[in-house]
Amino acid sequence: MVAHIRRSLISVVVITAVFGFVYMFIGVGISQLLFHHQANGSITANGSPLIGQDWAATKCPGHPDGSCVFHGRPDNTGPYAAVVCASNAKNCTPSSGGDNPLVANGVSGSSGATNLGPRSQTLLTNTEQLVAYWKGLGVDNPTPDLVTTSGSGLDPDITPQDAMVQIAMVSDATGIPASQLQALINKETHSAQWGFLGAPYVNLLELNTALANLG
Amino acid sequence: MGLFLTILVLVVALGITWRYLGSYMANVFEGRVRYLAWAERPFYRLIGTSPEQEQSWKRYAGSLIIFSAIFLGVGYLLLRIQGSLPLNPQHMGAVKPALALNTQTSFVTNTNWQNYGGETTMSYFSQIGVLTVQQFVSAAVGIAVAIALVRGFSRRNSPTIGNFWVDITRCMLYILLPIAFVAGLILVGEGAVMTLAGTATIHDALNGVTQTIPRGPAGFMGAIMQLGTNGGGFFNVDLAHPLQNPTAITNVLYIWLTLSIPFALTYTFGKMVGSIRHGAALLSAMVIIFGVWVGFTSYAEHTNNPAVAAAGVHSTVGNTEGKEVRFGDTSSALFNVSMTQTSDGAIDSASDSYTPVGGMGLLTGMMLGEVTPGGTGSGLYTILVYAIIAVFIGGLMIGRTPEYLGKKIQAKEVKLAGLAALVMPLVVLILTAVAVSLHAGRAGPLNSGPHAFSEILYALTSQGNNNGSAFAGLTGNTAFYNTIGAVDMLLGRFAIMIPALALAGALAGKQIVPAGLGTFRTDNGMFIGLVIGVIIIIGGLTFFPAVSLGPIVEQLSHGKFW
Amino acid sequence: MTATVTPPAAAPGAPTPHGVAEARSLFDREILVHSLRDSIVKLNPRVQIKNPVMFVVLVGTVITFIEAIAKPSFFAWAITVWLFLTVMFANFAEAMAEGRGKAQADTLRRMRSETEARRLRTDGTEERIAASELSKGDTVVCEAGDIIPSDGDIIEGIASVDESAITGESAPVIRESGGDRSAVTGGTKVLSDRIVVRITAERGQTFLDRMIGLVEGANRQKTPNEIALTILLAVLTIVFIPVVVTLDPFAHYSALVSGATGSGTVSVVILVSLLVCLIPTTIGALLSAIGIAGMDRLVQRNVLAMSGRAVEAAGDVQTLLLDKTGTITLGNRMASAFVPVGGTDERDLASSAQLASLADDTPEGRSIVVLAKEKFDIRERALDTPHQFVPFTAQTRMSGLDVDGQKIRKGAADSVKRWVTEHGGSIPADLDPIVERISKSGSTPLVVADGPTVLGVIELKDVVKQGIREKFDQMRQMGIRTVMITGDNPLTAAAIAQEAGVDDFLAEATPEAKMDLIKTEQEGGKLVAMTGDGTNDAPALAQADVGVAMNTGTTAAKEAGNMVDLDSNPTKLIDVVEIGKQLLITRGALTTFSIANDVAKYFAIIPALFAATYPQLSTLNIMKLHSPTSAVLSAVIFNALVIVALIPLALRGVRFRAVGAAAILRRNVWIYGIGGIIAPFIFIKLIDLILVALHAY
């Protein structure tokens with residue numbers, strides 16, 4: 001018994017040192033050396049393409065906020081949550097308030113999904129309100145991605161279809177012809193990795209950066 | 001098509017792993033791999049043991065319990081005082097007592113249930129010195145128990161079943177560490193963060209938004225958390241987070257990491273008992289159940305979410321609620337099924353928002369006792385328990401005292417196997433009943449209707465099976481759920497491990513009966529069928545009523561919303 | 001070492017309805033009546049607690065009974081009655097199985113109580129005392145017409161004994177002092193002559209006493225596999241208790257969150273019904289009946305197993321040691337030719353051979369005498385001159401006669417050759433080829449020598465039993481290795497082994513060699529079965545996992561073995577193995593059936609259980625049962641009736657065919673596994689239809 005305890009205590013110290021700190025410190029060291037960019041969050045001038053941003057907050061002179069850029073998927077917090085709060089106080093998550101409906105919760109930095117069940121009345125209501133929101137922006141047939149929250153609440157990508165349905169909105173606000181926007185989306189579309197892993201996607205930071213470069 | 005090719009890649013990769021990692025692990029545990037002996041030996045000397053000093057099952061279990069208990073205590077303490085410890089750039093405060101208890105229990109039991117939001121609760125010190133360490137240790141402890149049980153079969157008239165200290169050391173040193181290290185580098189290369197520099201704040205000139213990006217040593221933690229079927233840790237949304245699971249490639253790599261050891265252990269088993277066919281038989285039983293569950297869950301997730309459909313949105317890309325675009329519907333389902341059937345419990349999409357049948361796939365995957373392939377080690381020792389029950393019933397049906405690998409299955413073995421198989425359903429059902437009966441328990445669910453029941457049932461099933469996956473709508477960070485969850489996880493882990501070790505001891509002491517034509521074959525299709533039958537029947541019969549009040553009724557309630 | 005009484009040539013496997021096992025139909029009227037009475041006696045909770053599954057049913061019955069009184073309804077009462085019947089059916093099954101044994105025990109007991117003994121005092125006078133007063137070491141006298149009062153060995157005299165009371169075999173047997181035929185059994189009757197018997201059994205420990213205890217199952221111990229299965233059944237019972245008990249809180253909560261009207265309370269009667277339907281009542285009810293019936297089947301074949309453990313071990317046997325003589329070959333070898341060597345006259349050989357065999361009253365010995373008489377008309381001679389018979393021993397492997405300076409020996413070739421050489425003789429060149437030829441043909445060469453002179457060879461022909469080869473093929477398919485044990489030389493043994501189709505043989509077997517063989521097999525983890533009758537078999541019989549002693553054998557042999565074959569038919573060993581297997585198969589099959597039944601019962605009861613809260617669940621009512629209560633009642637009735645329906649199967653045992661393990665398993669999984677899933681769907685639906693037709697609903 002005493003021997004067991006002594007052994008355990010020594011083991012705890014050695015194991016914590018080796019498999020916790022040594023493993024992680026060497027991991028950080030080598031990662032920083034070999035993959036400096038990735039290891040620090042793949043950060044570029046305008047943010048990280050891995051983390052969704054608040055595109056709906058973009059000021060578009062003469063047009064509704066955000067209509068001059070492509071949007072991502074709704075967030076669980078922020079005004080989307082405010083929409084939820086209006087309809088169902090029980091499921092209201094307090095938010096920073098500065099967030100916009102259709103991007104990940106970039107400000108708080110915390111991740112989260114709605115966790116609403118498939119037969120949730122709240123999810124149904126929220127979805128209906130998001131459909132209405134999109135229709136208000138001139139997107140008549142929003143795709144499922146655009147009215148549902150992602151698993152992380154930080155999804156930086158949308159599908160090419162999700163981008164296509166926004167062409168009319170963006171074209172209207174920016175004056176860039178639809179065909180040119182279509183070509184831009186095609187150009188920015190990543191095919192599935194290795195051709196079959198996951199699905200084709202468009203990264204919003206890349207797409208909107210390219211869009212800004214056009215205008 | 002993408003799903004099939006993804007599966008094909010996984011099948012090939014896992015096939016190779018099964019053969020070579022499986023064989024390698026057998027060599028490690030039989031002491032034939034020595035290249036790190038220079039590191040091993042001093043450690044054994046330090047703690048006063050050696051590979052030659054074998055233990056009886058009781059001493060083995062004693063070492064395991066005391067070791068785990070001390071780790072539980074030390075980890076709890078570290079979480080409580082994390083505010084005063086270094087490596088805390090975000091100045092996280094102490095973890096509250098109930099949460100610290102739940103969290104450390106969760107990591108010691110290989111559950112990795114998260115009642116905390118990783119990036120908002122844990123300091124780097126805690127992530128590294130408490131959580132990551134346990135991801136190595138708890139996996140190694142599980143594997144050690146499995147190996148001890150395998151020795152029970154492979155040895156003849158032996159009073160000992162191995163040395164606990166040597167087994168966990170070799171496991172961490174030769175198996176977990178090298179693989180995790182290489183995988184960690186690949187993950188970082190693909191975009192997983194790996195830094196101790198704290199959050200980054202950036203300003204996007206394009207939209208005028210300032211954003212805080214959480215960072216940390218997520219890449220290497222992700223590697224070991226998946227390899228050890230731990231499944232939780234760094235971020236609140238776990239592997240749905242783009243900074244830990246940035247691409248479809250990392251998604252598949254995580255699946256491979258998770259499935260590799262549990263599947264390969266069947267080869268290790270086959271090699272150690274001298275019959276690869278026996279390992280392949282268990283593998284087949286695992287793969288068949290796993291395949292069926294992947295099939296129907298992916299199919300269900302390829303249909304639209306009922307609420308989204310009711311809102312008038314048509315979907316050709318399945319249920320997108322809670323899923324990331326870069327993974328897609330079916331690969332997300334493949335991921336979550338892989339994680340619920342391995343006791344890993346990581347998610348890359350919100351399980352709570354799965355379709356009723358999809359959610360049922362995840363829930364029932366755990367209810368089958370985490371054996372297909374189950375957790376690192378725990379999957380093998382638990383399926384061996386089921387195999388013993390299958391052998392017993394099947395053996396009777398051919399008119400012989402049942403034997404498995406030449407070991408007679410008699411009253412003692414049936415008692416221990418029965419006990420091990422009994423614990424999980426018993427604990428899960430009773431604790432769920434407690435939770436739904438008390439005000440504190442009823443306060444947990446986010447959703448209402450049958451889904452509320454599903455959330456509670458899912459939480460206690462997950463913890464009772466040391467899985468850690470969650471219908472995350474449940475507010476688990478309460479004194480009630482933290483405590484009940486800790487009880488659930490401890491019983492689900494140790495109340496199965498101890499009988500499994502006792503079984504190892506009982507079997508090791510036995511004579512080996514040579515097989516003949518009259519012996520019940522335990523390496524053919526019929527046996528595979530019987531093992532599958534026992535797994536499905538024990539899980540199915542015990543949980544059918546409960547599941548019928550959750551996902552089943554949800555599925556049958558067309559057009560109804562709560 | 002050979003059986004004196006030629007065993008009845010019953011086809012192996014066919015029951016021989018005689019002796020202790022009086023032919024009784026499965027549903028003998030008398031037994032049925034007794035069983036009904038016993039079923040009620042068995043309701044005693046102290047009896048019920050031994051069977052955890054049925055105990056739970058009994059407790060459930062009490063609960064529904066209280067519910068039915070508190071809130072009377074047709075449904076509650078109907079369920080209570082059927083649950084009670086479930087318990088009764090289980091009791092009845094057990095009582096039925098015991099009934100047959102009890103009837104047999106009564107007959108035997110009558111025989112024991114009426115016997116009187118004539119005990120010899122030390123001064124040689126007799127006293128008459130009750131047989132039950134005898135103790136070990138007493139000597140008693142039995143004369144023609146007397147019932148032998150207890151087990152013992154004849155120490156003086158020879159008598160013909162009618163053992164039919166024990167064995168059922170009507171032909172009398174000869175018992176005499178000394179040697180392997182000296183044992184007599186209490187309860188048998190002396191037909192002629194007078195014998196003095198030394199009692200070898202303690203009071204109350206006689207063969208008859210043990211037999212009564214065995215057939216009655218008075219102190220029946222659970223066998224290892226039965227214990228293991230009971231544990232598994234207890235596990236399956238324990239796990240379903242929380243499954244059912246937790247349904248109440250689950251239902252309450254579901255009613256709360258679903259917004260349905262009502263509190264969601266589930267009726268206790270339905271919960272109890274569900275529990276009883278889920279726990280493995282079918283096998284739980286029939287388990288002990290199966291065990292008792294298995295022992296009974298052995299008794300019917302005139303085999304007494306000293307423990308159920310031995311019967312189970314029989315099913316596990318992997319190596320079967322079979323004596324060649326009487327088991328593989330038709331009892332006895334017969335002398336068929338005299339082959340002289342070295343220029344000896346054939347007639348001289350025959351004469352010497354006859355002389356050497358005069359004292360040899362084994363069938364072989366007698367056949368030599370007869371052959372000499374037939375061929376050369378040499379009469380049996382009375383020996384006037386001083387002479388000395390040299391008996392056969394397993395060590396010398398020769399027998400013979402010393403008379404008039406002649407030393408005539410006959411025996412195994414190498415033994416006689418050694419003997420001749422030791423006496424300064426030489427071996428004629430033509431001996432070995434002849435011995436070899438005879439051996440190779442499967443016959444036994446007996447070499448005859450007179451001092452240093454080898455006279456010639458007697459050919460003893462061995463006849464292999466018909467049908468034995470097929471039997472061994474079946475054994476092989478069942479994974480059982482057969483080893484022929486014979487005193488013959490390796491060549492002879494090989495030829496017969498070849499002809500009979502055994503897997504292996506042990507030639508020139510001495511008791512030591514036999515013992516060594518058993519130990520070697522056991523060290524390899526195998527279970528060994530053997531038969532034996534002689535005192536020198538006793539150690540091997542004790543060492544073997546299954547030792548079947550012949551009833552004609554010595555007391556030592558009978559005490560060493562764990563079974564006694566009253567027919568003294570060594571072939572019976574094969575039947576014993578089959579019965580052992582059948583016993584386990586029946587248990588396994590009914591366990592599988594019992595568990596498989598649960599699927600249908602769930603589909604009947606779950607929709608009914610939550611009908612108020614979630615009417616949607618009626619989709620699961622795939623049998624389209626009439627109403628929630630009719631569904632539950634139908635399931636409970638099915639659960640009870642299936643016990644009755646399976647009583648005959650439990651008592652007779654699942655049909656056993658000697659095929660490979662895989663084939664047996666496949667067959668049983670299909671019938672009892674898949675069949676067990678499908679059957680209840682059909683029958684529950686039928687019962688529901690009948691309930692509706694009877695206007696119960």
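Student: Is B:Ser462 buried or exposed?
Tutor: B:Ser462 has a relative accessible area of 0%, so it counts as buried. Buried means under 20% relative accessible area, exposed over 50%, and partly exposed in between, with a 1.4 Å probe and protein chains only. This is a predicted model, in which local features need pLDDT of at least 70 and side-chain atom pairs count only at pLDDT 80 or more, while totals for chains, interfaces and linings use all residues; side-chain values use heavy atoms, with hydrogens and water left out. Residues are numbered from 1 along each chain as its sequence is written, and chains are lettered from A and ligands numbered from 1 in the order in which they are written.

Student: Which helix is B:Ser462 in?
Tutor: Helix 17 of chain B, residues 450-464. Helices (H or I, at least four residues) and strands (E, at least two) are DSSP runs, numbered from the N terminus.

Student: And what does B:Ser462 touch?
Tutor: Leaving out residues up to four places away in sequence, B:Ser462 touches B:Thr111, B:Trp113, B:Met366, B:Asn467, B:Gly468 and B:Ser469. A contact means heavy atoms within 4.5 Å.

Student: What about chain B as a whole, how many helices and strands?
Tutor: Chain B has 19 helices and four strands. Of its 562 residues, 73% count as buried. Among contacts between residues at least 6 apart in sequence, 78% join residues at least 24 apart.

Student: Why call the radius of gyration of chain B in agreement with a compact globule?
Tutor: Because a compact globule of 562 residues would have a radius of gyration near 24 Å, and chain B has 23 Å. The radius is taken over C-alpha atoms, and the globule rule is 2.2 Å times the number of residues to the power 0.38. The C-alpha trace of chain B spans about 75 × 55 × 45 Å along its principal axes.

Student: Switching topic: which chains have the most contacts?
Tutor: Two pairs of chains touch, and the pair with the most contacts is A and B. Chains A and C share no contact; their closest C-alpha atoms lie 12 Å apart.

Student: Where is C:Lys624?
Tutor: In the loop between helix 22 (572-609) and helix 23 (628-652) of chain C. C:Lys624 counts as exposed, at 58% relative accessibility.

Student: Last one: where in chain A does pLDDT stay under 50?
Tutor: Over residues 77-109. pLDDT is the predictor's confidence in each residue, from 0 to 100. Where pLDDT is low, the predicted coordinates should not be read in detail. The mean pLDDT of chain A is 82, and 83% of its residues reach 70 or more.
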